[in-house]
Amino acid sequence: MTAETIPQHMEALTFANEVRSALAAIKAEIREDGPHFGPLRVAHLLCLPEDERPPALGRARIYDLVKACPRWGRHRVLRLLAPAGVPERKTVGEATARQRQAVADALDAAVRDRLTRSERMTFERQLRDGG
């Protein structure tokens, strides 16, 4: 079959699989960053302008991204999202800039006391450099 004859439902399945794989890779990076740096990576991803975000990130639920952080369970994530006015099912693409910033600030505050300034600066430099 050529590209012109591929049925629409097969193209949709291929696209959905690509999105799922990309989101799984993002969540794996968050988990690898550990309990201190994982929330900082999520905060960084939430603050990215739309044109700089990975394409699949707009379809990710904010809840799922935060829950991918080690030591962040359902209740802790919901306690973080509630003051920001972010429902459990809200995606990054659907959230307003204010909601994304509120969640990023809350994540930042949650780990701020556990990191030294040099650890934090090193990690932020890695994020800026594409690490």
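A nonpolar core is a set of buried Ala, Val, Leu, Ile, Met, Phe, Trp, Tyr and Cys residues joined through side-chain atoms within 4.5 Å. The model shown is predicted, and its largest core of this kind has 29 residues. Within that core, I62, V66, V103 and L107 touch the most other members. Helix 1, helix 2, helix 3 (62-67), helix 4 (74-81) and helix 5 each give two or more residues to the core. Another core, of five residues, lies apart from it and includes L40, L115, F123 and L127. In general, nonpolar side chains tend to be buried together in soluble globular proteins.

L107 gives a view of the packing. Leaving aside neighbours within four places in sequence, L107 is in contact with P39, V42, A43 and L46, as well as V66, W72 and L80.

Helix 2 spans residues 34-47, which is 14 residues. From first C-alpha to last, helix 2 reaches 20 Å, close to the 20 Å expected at 1.5 Å a residue. Which residues of helix 2 are buried? They are G34, G38, P39, L40, R41, V42, A43, L45 and L46. The cover over these buried residues includes helix 1, helix 3, helix 5 (97-112) and helix 6 (117-128).

At the surface, I6, M10 and L13 form a nonpolar patch, and together they have about 240 Å² of accessible area. M10 belongs to helix 1, which runs over residues 8-32. M10 counts as partly exposed because its relative accessible area is 39%, which falls between the 20% limit for buried and the 50% limit for exposed.

How values were computed: Residues are numbered from 1 along each chain as its sequence is written. This is a predicted model: local features need pLDDT of at least 70, side-chain atom pairs count only at pLDDT 80 or more; totals for chains, interfaces and linings use all residues. Side-chain values use heavy atoms; hydrogens and water are left out. Patches are made of residues with over 30% relative accessible area and no salt bridge: like charges are joined within 9 Å, nonpolar side chains (Val, Leu, Ile, Met, Phe, Trp, Tyr) within 5 Å. Accessible areas come from the Shrake-Rupley method with a 1.4 Å probe; for residues, only the protein chains shown count as cover. A salt bridge is a side-chain nitrogen of Lys or Arg within 4 Å of a carboxyl oxygen of Asp or Glu. Helices (H or I, at least four residues) and strands (E, at least two) are DSSP runs, numbered from the N terminus. Buried means under 20% relative accessible area, exposed over 50%, partly exposed in between (1.4 Å probe, protein chains only). The expected span of a helix is 1.5 Å times one less than its number of residues. Contact means heavy atoms within 4.5 Å.
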